Amino acid sequence: MTDMITGVIGFPIDHSLSPVMHNAAFAALGLTEWRYEKMLTPPDVLRHSLKELRNHGVVGVNVTIPHKRAVMPFVRADAIARAIGAVNTIDLRDNSATNSDAAGFMGDLQAHGVDPRGMRVAVLGAGGAARAAVYGLVEAGAWVSVVNRTPENAIELIANLGFTDSVTAAGLDAVETADLIVNATSVGMMPRSDESPLPDDAPVRTGVVCYDMVYRPARTRLMAQIEAGGGRAIGGLGMLVRQGAVGFTLWTGQPAPIAVMLDAAKSALGD
Ligand code: NAP
């Protein structure tokens, strides 16, 4: 029986939850020849490592910090990855690559019954995760304001995505009128879990939904603030699982067992 190897390349890679999610999914579907490994990959050997993995018959890899943009010249990035400007999933059998963060985010919104069509959305952040969120939200028919510490980065994000009709760069006042707030900054992430991207007195609409992409901790300070103000808060673990599910299906040709992957990720986080 040939081993079917998949994994994640990054630097560092210790904290990745992807191996527990994927290995639990392989086990649940009886895919005994499949396994998923952490592949520590320093930036200076990125190109060579990809070639070696391909030569050794590795089926596919996820890509994490700091390689998501850097791998672009070495793979056949699809239209979504090119629009977002980053790759997080590669099929090494044909060197095709995509970015599954937008699908993961939109899929998890849908799983929570949130349809952003026609909504006013404030996306906090202008990095890779924000870019994926804005891409998915605009495709789904939302009106998006990008709120970022460095406003130039928000303006650059909008220009790069080319969505100038339905996306604007804005200040924190966009949060006041938003139906949906998305935290795509790293603020609130462990170990600085006492921080929030919003001040305590930030006015939000009654019934606002907040999606916090941060998943460590499971309940962030921002989520507590939103709930205290009568809103609904959703943490980012489901997005992580659903972006991973895209790669799982691409590599194995099988639907991903989402519930199994979510349970495995929660257990690994100690929830
Ligand atoms: P990134 O490209 O480094 O972008 C970080 C963003 O956070 C930038 O907009 C940055 O603003 C902002 N930021 C950082 N520190 C800040 C501070 N102290 N105050 C205000 N803004 C600050 O990172 P990324 O890849 O987009 O990831 C962002 C977050 O999303 C991370 O927490 C990551 O774990 C999470 N994420 C989750 C998933 C998931 O599946 N749930 C997937 C991807 C990412 P400036 O432009 O001003 O620097």
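The side chains of aspartate 212 and threonine 220 are joined by a polar contact of 2.7 Å (N or O atoms within 3.5 Å, one able to donate a hydrogen and the other to accept it; residues adjacent in sequence count only if both atoms are side-chain atoms). This is a predicted model, where local features need pLDDT of at least 70, side-chain atom pairs count only at pLDDT 80 or more, and totals for chains, interfaces and linings use all residues. Residues are numbered from 1 along each chain as its sequence is written, and side-chain values use heavy atoms, leaving out hydrogens and water.

**Around aspartate 212**
- You will find aspartate 212 in strand β11, residues 209-212 (strands are DSSP E runs of at least two residues, helices H or I runs of at least four, numbered from the N terminus).
- Aspartate 212 is buried (under 20% relative accessible area, 1.4 Å probe, protein chains only).
- Aspartate 212 has no salt bridge (a side-chain nitrogen of Lys or Arg within 4 Å of a carboxyl oxygen of Asp or Glu), and the nearest side chain of opposite charge, arginine 219, is 10.0 Å away.
- Beyond its neighbours within four places in sequence, the contacts of aspartate 212 include Asn183, Leu222 and Ile234 (heavy atoms within 4.5 Å).

**The whole protein**
- Ten helices and twelve strands make up the secondary structure.
- The C-alpha trace spans about 60 × 40 × 30 Å along its principal axes.
- Of the 271 residues, 50% are buried.
- Among contacts with a separation of 6 or more, 66% link residues 24 or more positions apart.

Key:
Lys, Arg positive; Asp, Glu negative; His and termini not counted.
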